Amino acid sequence: MIAKRTVVVSESYNPYFNLSLEEHLFNNVNKDEIILYLWRNENTVVIGRNQNPWKECNLELLSKFNGKVARRLSGGGAVYHDLGNLNFTFITCEENEDLNKQLSVIIKALNNLNIEATFSGRNDILINGKKISGNAFYTDEGRYYHHGTLLYDIDVEKVTEILTPSTHKLTSKGIDSVKSRITNLKNHKEGLTINYIKESVVKSYEKHYGHINNVGYVDEKNLDLNNFIKKYSSDEWIYGNSPSFNVAIDKAFDEGKIELNISLEEGKITHCKIYTDSLFTKEFDITENVLKGCKFNRDDMLKVLEQNKYLFSPKGKVILDRIKEIIQESITNII
């Protein structure tokens, strides 16, 4: 039951502040509340929780553009943000999750601007078959968020240069490049501005959920989130610990590409790191921890995963099955 409806608008363009604010709102949302959070980042590649930054973007070129790399809590693929992109986040409790309603807020907001849009695939909003919004999701301790992009006037040439998605991802979608996949909202509505989009989204949110109880405008001057910002801007969070791996195997599934990287010592797994653009998140952390210390052979790895399947949520068991499939096909019983 939702009794409180809040809108929060970030007036900062710093990705580390904006991701910090998102987590702060997520941690403090009330059980009967839904928050619509609107925010923009400047010149930033934002990667999914389990992605490899070296493979998802051209870090050298991004540095030449004085850009930033940020890692979010949710899964999914890498996206490029500049001030021609508006981000939205719905934050509530899991029991209030209603993806169709949340997507309706966005699609109806665009319809009200005389822009016809549809939801397609696992996480995209499209106009005439081209993407103007990618969406991702995160849950923890009964709380939930769904966030996405709205491409208003993003620098398509820079996106094409900086993002480096796998050829499988492009081939599986039947397209040739990042550039051919996306379109800007301004190309579909003359005189459109970011503020018009914001206003339409807020009006649609109120239409779908009821009277808005509070609207807040936030930046670094009126909210101290330094502890969160230290985390989001740290090399440890962005790049992680990537030792030299002895084994690297991958396979593409409907849920996303899964790349299993393993370090070995005396026939045992000393480190396991999984890179993926899957929308799932925690399941990969569980797998990494479970396989550490296991003997590196097919039967032992499958056995330890089976013994720990209770750690996976019912929905997350699909990822467990995918990991098993990779191991079954790619790893022998003898090292």
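T270 sits in strand 14, which spans residues 268–276; helices (H or I, at least four residues) and strands (E, at least two) are DSSP runs numbered from the N terminus. The model is a predicted one, so local features need pLDDT of at least 70 and side-chain atom pairs count only at pLDDT 80 or more, while totals for chains, interfaces and linings use all residues. Residues are numbered from 1 along each chain as its sequence is written, and side-chain values use heavy atoms, with hydrogens and water left out.

With a relative accessible area of 32%, T270 comes out as partly exposed; the cut-offs are under 20% for buried and over 50% for exposed, with partly exposed in between (1.4 Å probe, protein chains only). Setting aside neighbours within four places in sequence, T270 is in contact with S263, L264, E265 and K292, where contact means heavy atoms within 4.5 Å. H188 is another story: T270 and H188 are 82 residues apart in sequence and 53 Å apart in space, C-alpha to C-alpha.

K131 belongs to strand 9 (residues 130–140). Despite the charge on a lysine, K131 counts as buried, at 17% relative accessibility. Not counting residues up to four places away in sequence, K131 touches D124, I125, L126, L151, R181, I182 and T183. K131 and T118 are 13 residues apart in sequence, and their C-alpha atoms are 9.7 Å apart in space.

On to the nonpolar interior. A nonpolar core here is a set of buried Ala, Val, Leu, Ile, Met, Phe, Trp, Tyr and Cys residues joined through side-chain atoms within 4.5 Å. The largest one has 38 residues, and L21, V45 and I91 have the most contacts inside it. Helix 1 (residues 15–28) supplies the largest share of this core, six residues. Beyond its neighbours within four places in sequence, I91 is in contact with E22, L25, F26, V29, E33, I34, I35, Y37, Y144 and Y145. There is also a second, separate core of 31 residues, with I2, L103, I127 and Y152 among its members.

Now for a helix pair. Helix 12 (residues 298–307) and helix 13 (residues 317–330) pack at about 170°, their axes 10 Å apart; axes are lines fitted to C-alpha atoms, for helices over the stretch in contact, and angles run from 0 to 180 degrees between N-to-C directions. That angle makes helix 12 roughly antiparallel to helix 13, on a scale where under 35 degrees is roughly parallel, over 145 roughly antiparallel, 65 to 115 roughly perpendicular and the rest oblique. From helix 12, R298, M301, L302, L305 and E306 meet L320, I323, K324, I327 and Q328 of helix 13. The residues of this contact split into six nonpolar, one polar and three charged; Ala, Val, Leu, Ile, Met, Phe, Trp, Tyr, Cys and Pro count as nonpolar, Asp, Glu, Lys and Arg as charged, and the others, Gly among them, as polar.

N66, in the loop between helix 3 (59–64) and strand 4 (68–71), has phi near 60° and is exposed at 65% relative accessible area. N114, in the loop between helix 4 (99–111) and strand 7 (118–120), has phi near 65° and is exposed at 61%.

Finally, the cysteines. A search of the whole structure turns up zero disulfides, a disulfide being a pair of cysteine sulfur atoms within 2.5 Å. The closest cysteine sulfur to that of C294 is in C272, 10 Å away and too far for a bond. C294 is buried, with a relative accessible area of 9%, and C93 also counts as buried, at 7%.
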